Amino acid sequence: MIQNNVRMPTTEGVSAAAQAVAAILPPTPLLPIDIGGVQAWVKAEVLQPIGAFKIRGAWWRLVSLSPEERAGGVVAVSSGNHAQGVAWAARRLEISATIVMPHDAPAVKLANTRALGAEVVLYQRPGEDRDAVAAKLIAEQGGTLVHAFGDPWVIEGQGSAAIEIAAQLGRAPSRIVACCGGGGLAAGLALGAPDSAIHPVEPVGWDMVGQSLAAGAIVPAAPDAPRTICDALQPLATKPINLAVLQGRAEPGVAVTDAEVRAAQRFAFANLRLVVEPGGAAALAAALAGKVPVDESTVIMLTGGNADPAAYAATIAGGD
């Protein structure tokens, strides 16, 4: 499907992506969880090889490149998890990768991305537009942009999680609660689980997908947007492709506080024995806070586990 000269992601594309992902990665576990006396489910994407769901979209995008595009390398923008996904896929496929990352990205994410063989180019956050930095790099050295959420193949790849969920659950989930940055995962899940309600969850003050859905147009982050511990969920705005998929399809957006996110990290550690980074715990935070409905067919995405060790230790110990 083509819209405004841009290829749109499709349900068929999600199915193809799921097959490609299944060929190289086992399904991540679907684990039971008790929330207020109701047994729901969590999808443990924190157990992916790179510690996050982003490996799905990165793999599908890179295996879909033409031979000429592979030879020219790829450029990506990311706060860390997409960076690692692209670097992992690029190394496996022997494609050169340059990743534009914020200077204040967690050290563990910067180190892991470099260890996977990618070149890292830092930008200032706030202050610089990471998409503009990437565009300048491509103009200077060439390469194919692999956007973290505004790419049709990336969206389809993220949606592969919905195919796994339905197979593991044995039915379509009633709803999927998804951590949301730019909307790539939420859009992919909307395509991959057409009969399920999709609840995007973002940090307070950074709920740009939720605000855009409400307004029916892209709403950028405010210049004075508050600080958030969810470093993975801070894009300045969603993209038209994401809004086009989600408009009229996703449930109203939900915003969670840092305190709610920390409580979710502690809950996951105590009850699931899983390490979840702040941005990866946002969906669970919304469920625990009663901000989204939960039933026995609800699936909550635990999207990332690349936590800064010191910050995580403080959170688990009960500090700020």
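Good morning. I shall begin with helix α11, whose buried residues are covered by elements that include β3, β4, β11, α12 (282–288), β12 and α13 (309–316). Please keep in mind that this is a predicted model.

Which residues of α11 are buried? They are V261, R262, A264, Q265, F267, A268 and L272. The helix itself comprises residues 258–272 and lies across β3, β4 (38–44), β11 and β12, with a direction of about 115° to β3. With its 15 residues, α11 reaches 20 Å from the first C-alpha to the last, close to the 21 Å expected at 1.5 Å a residue. Just after the helix, R273 adopts a positive phi of about 60°.

Let me turn to the sheet. It is open and consists of 6 strands in the order β3-β4-β12-β9-β10-β11, with mixed pairing. Which strands form the edges? Those are β3 (30–35) and β11 (254–256), each of which pairs on one side only. On average, neighbouring strands of this sheet are turned by 30° against each other, direction ignored. As a general point, the strands of a sheet pair through backbone hydrogen bonds, either parallel or antiparallel. In the present model, β9 (residues 175–179) and β12 (residues 298–302) run parallel and are joined by 3 bridges. Within that pairing, V177 has I300 of β12 as its bridge partner.

E156 is found in helix α7, which spans residues 152–169. Is E156 buried or exposed? Its relative accessible area is 0%, and therefore E156 counts as buried, the cut-off being under 20%. The side chain of E156 makes a polar contact of 2.8 Å with the side chain of R7. Leaving aside residues up to four places away in sequence, E156 touches R7, M8, P9, T10, G13, V14, A17 and W60.

T28, by contrast, has its place in a loop, the one between α1 (11–22) and β3. T28 has a relative accessible area of 3%, so this residue is buried by the cut-off of under 20%. Which side chain does that of T28 meet in a polar contact of 2.4 Å? The partner is the side chain of E45. Again without residues up to four places away in sequence, T28 touches K43, A44, E45, Q48, R56, E164 and Q168.

Thank you for your attention.

Terms used:
Residues numbered from 1 in each chain as written. Predicted model: local features only at pLDDT ≥ 70, side-chain atom pairs only at ≥ 80, totals over all residues. Heavy atoms only, no water. Pairing = 2+ DSSP bridges. Helix = DSSP H or I, 4+ residues; strand = E, 2+ residues; numbered from the N terminus. Axes fitted to C-alpha atoms, helices over the stretch in contact; angles between N-to-C directions. Contact = heavy atoms within 4.5 Å. Expected span 1.5 Å × (residues − 1). Buried < 20%, exposed > 50% of the residue type's maximum accessible area, 1.4 Å probe, protein only. Polar contact = N/O pair within 3.5 Å; in protein donor to acceptor, adjacent residues only side chain to side chain.
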